[in-house]
4 protein chains.
Amino acid sequence: MHVSLVKHAAEDGDVTCAARVSTLGGEARYETSASGTGLINYLMRDRHGSPFEHANMTFYIECPIFVAREFMRHRAGWSYNEESGRYKELQPVFYAPDRHRKLVQVGKPGAYEFEAGTAAQRSALERDLYSAYIWATDHYRSILSRGVAREVARVVLPVGLYTSFYATCNARSLMHFLSLRTKHSAAKVPSFPQREIEMVAEQMEEQFKKLMPVTYAAFNTHGRVAP
Amino acid sequence: MHVSLVKHAAEDGDVTCAARVSTLGGEARYETSASGTGLINYLMRDRHGSPFEHANMTFYIECPIFVAREFMRHRAGWSYNEESGRYKELQPVFYAPDRHRKLVQVGKPGAYEFEAGTAAQRSALERDLYSAYIWATDHYRSILSRGVAREVARVVLPVGLYTSFYATCNARSLMHFLSLRTKHSAAKVPSFPQREIEMVAEQMEEQFKKLMPVTYAAFNTHGRVAP
Amino acid sequence: MHVSLVKHAAEDGDVTCAARVSTLGGEARYETSASGTGLINYLMRDRHGSPFEHANMTFYIECPIFVAREFMRHRAGWSYNEESGRYKELQPVFYAPDRHRKLVQVGKPGAYEFEAGTAAQRSALERDLYSAYIWATDHYRSILSRGVAREVARVVLPVGLYTSFYATCNARSLMHFLSLRTKHSAAKVPSFPQREIEMVAEQMEEQFKKLMPVTYAAFNTHGRVAP
Amino acid sequence: MHVSLVKHAAEDGDVTCAARVSTLGGEARYETSASGTGLINYLMRDRHGSPFEHANMTFYIECPIFVAREFMRHRAGWSYNEESGRYKELQPVFYAPDRHRKLVQVGKPGAYEFEAGTAAQRSALERDLYSAYIWATDHYRSILSRGVAREVARVVLPVGLYTSFYATCNARSLMHFLSLRTKHSAAKVPSFPQREIEMVAEQMEEQFKKLMPVTYAAFNTHGRVAP
């Protein structure tokens, strides 16, 4: 998973400036340097969400299709542009779990937990993935080589194939995403994200934490529920 | 592709009732039986879009993953729930183009056209798809059989696999979808949808036409640009 | 405040049908009669919000402009059509607090409470409102009578003037609205709505409770935080 | 009307970078300096709207309440924070049409035109506005002076009162706003905005034109229909 922050107009001051127009009106001036820890905590606690919407971030993300599918279900406050299998020949870069990825699911729906799995399970999986990915790539290229359109040929490519996209969000929509797509000890409400999208979310969280440290701290303090 | 209308609260009268509150206020009563061809045409022509948002439809759709991916990029006025590869074992139902699907793309980006392709191209494609799909299914089952979680095993499954979902929209968001995902002689602005999503869109259009004939006619009259 | 439910396609079964497609896929059929208390509670608890978006309701609302202003700040999952001061002459119907409306605010921002106020305060307020409303109405009519456009004349009308509008929402967006615009003993997070919008919200809540009793109960059980 | 651009992360390069990920995927790098007139024109013409969503702007706006009411009906791609009549005492700054504002409406709904009005009409209007605004201010203060809450006292204030707010949008949502809230000779579809919101829109358009000249030119070239 690759995540980079390509553009941002996001700092804690965006939140406090936007919020202060409520009480100060035309006297408020856009001075993002003013401190506002107390105000931001109050807004987070009482779910005044709109002041968090004026801080914007654009991320470039490379992840497998099955992760992008979950990602793009987030609609409000998100904008996307993605690599197209209609306009370009897709490159054979595929996802394989690393050794930290737990493979075996135990429990029942709504309460799953994961266990590491055995070395034998892991090596068999690696062989299967390798074999499946090679086969799919060969067939994709074979179909293309006969002159069939890319948009048709791609149907054989697996959801483990990497895709790339830009995602623009604001601090509010990002916190909503993080609340659902990460597990975190500070969370008041448990989440059960698939580990792969959590790996993307964690990288986004690192960037968010740097850009908006006061907002980020308040998000954790108040249970990681988006305001 | 399978599309069925599972629920609707959508008729032309919803549009006229909503629009009449502008000029009649509290005297307006929700009487969907009143005729309103002239009013609906005026709203469509002058892009008064909001009155079209009170008519809602829920569709059940079965289509390949690559189609669902394009579909769910529509965010405003759309709600989705989809079959999950995390919570259930996915069934091996795959997409293959029928004999009407043109296979060969000519021209350049922004101005592509499609030609049928030769019989040899078509039969080679069928063999490739069959082979790729069988292989993917075998590997998916093999991985599952060793106790690896469904959410990991699915990474080998191709985007030609069928998925199923509910999609709820309103008449305005549906017209926007149709304007981009169909080609139609009445369209003022050309569209270049992939044929497979167009096949889904055409079935939705049939249902829409029956539910809201006056709105549908006005949509075509005014160039199939969503208001 | 007047609220009526003019149209709905909303029942608890809409939620369970939409949710079951996750685990059942194409085998799921839209059977809204199936019971689903456990499932709905699970969805609410773990914040699976999307299944609640397929149930739609359209309300007709009469309330003062200052309430409509707060109302229409709700964007996601809401559609509106309102009476227009450009297209019709507005009628002189104005808001005055009834004897239950507490008039005096004590405390500080973020922690206000209200007290009833004295009889003298109340009767002075009534005289002031009456005087201000009559004056505004007279000037509105005077300006109109000289041939000035309605859209200009209306600038003298106060935000206590009644307006009317249709609002269409889904169960998820409605729960979000209720969580912010009502005070309720079951709420995990406190809200500080202005009493007048709460009066509208309470009437909408009554309708919602009748249409979707299981969803409504789960909303209260889980702290009135929208999923 | 006062409009100022307080923050922006918006340039033509944002559009081309986002669009190029479709055809270049991971090879695309966020290089906003690359020229892209042809690409932007193509995107605008064929209604590829999403690449325009990654360019963000925040405006600070002072305008009368009746204008803010129309403004905030724009939901998708807009975020707002406004001065609050609950949290602060509102200041008596009111709107009066200047001598360029045409006062008399002729024609019928859907085809109104405006004429200047006579000097007598104008001076009578000015007297009426002055009288109505003074009266409202006096009553607002009188109610406040007796200890009644601000949120109640404000009901007598007219919609001609100035309010202030921050509005954050992206280039796509801004173009949609401009297409509906301005009249312009390049527009393919006529609009009938109230002059006062057009005065706000024109100032926003000036800023947009400077920030994103290529996008702005393409918007006009292609009939001022938002992509």
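## The interface of chain C and chain D

In this predicted model, 54 residues of chain C are in contact with 54 residues of chain D, and the two chains bury about 4,800 Å² between them, with 53% of that area on carbon and sulfur atoms. Every interface residue of chain C, 100% of them, is also an interface residue in chain D, so the copies meet through the same surface.

The polar side of this interface comprises 34 residue pairs in polar contact, both residues of each pair being at pLDDT 80 or more, and the rule finds 10 salt bridges across it. One of the salt bridges joins the side chains of Glu82(C) and Arg73(D), with an N to O distance of 3.8 Å.

## Elements of chain C that face chain D

Helix H3 (65-71), strand S3 (78-82), strand S4 (104-106), helix H4 (119-145) and helix H5 (150-153) of chain C each supply at least two residues of the side that touches chain D. H4(C) gives the most to that side, with 12 residues. Sorted by class, the residues of chain C that touch chain D are 30 nonpolar, 11 polar and 13 charged.

## Symmetry of chain C and chain D

Chain C is superposed on chain D, with an RMSD of 0.0 Å, by a rotation of 180 degrees with 0.0 Å of shift along the axis, which is the relation of a two-fold axis. Among the residues of chain C, Pro158(C) comes closest to this rotation axis, its C-alpha atom lying at 1.8 Å.

## The interface of chain A and chain B

For the other pair considered here, 53 residues of chain A are in contact with 53 residues of chain B, and about 4,800 Å² is buried between the two chains, 54% of it on carbon and sulfur atoms. Within chain A, the residues that lose the most area to chain B are Arg69(A), Arg75(A) and Val155(A), which together account for 14% of what that side buries.

Across the interface of chain A and chain B the rule finds 10 salt bridges, among them the one in which the side chains of Arg73(B) and Glu82(A) meet at 3.8 Å, N to O. The count of residue pairs in polar contact between these chains, with both residues at pLDDT 80 or more, is 34. The elements of chain A that each supply at least two residues of the side touching chain B include helix H3 (65-71), strand S3 (78-82) and helix H4 (119-145), and H4(A) gives the most, with 12 residues. By class, that side of chain A has 30 nonpolar, 10 polar and 13 charged residues.

How values were computed: Residues numbered from 1 in each chain as written. Chains lettered and ligands numbered in written order. Predicted model: local features only at pLDDT ≥ 70, side-chain atom pairs only at ≥ 80, totals over all residues. Heavy atoms only, no water. Contact = heavy atoms within 4.5 Å. Buried area = accessible area lost by both parts, 1.4 Å probe. Salt bridge = Lys/Arg side-chain N within 4 Å of Asp/Glu carboxyl O. Polar contact = N/O pair within 3.5 Å; in protein donor to acceptor, adjacent residues only side chain to side chain. Helix = DSSP H or I, 4+ residues; strand = E, 2+ residues; numbered from the N terminus. Nonpolar A, V, L, I, M, F, W, Y, C, P; charged D, E, K, R; others polar. Least-squares fit on C-alpha atoms with pLDDT ≥ 70 in both.
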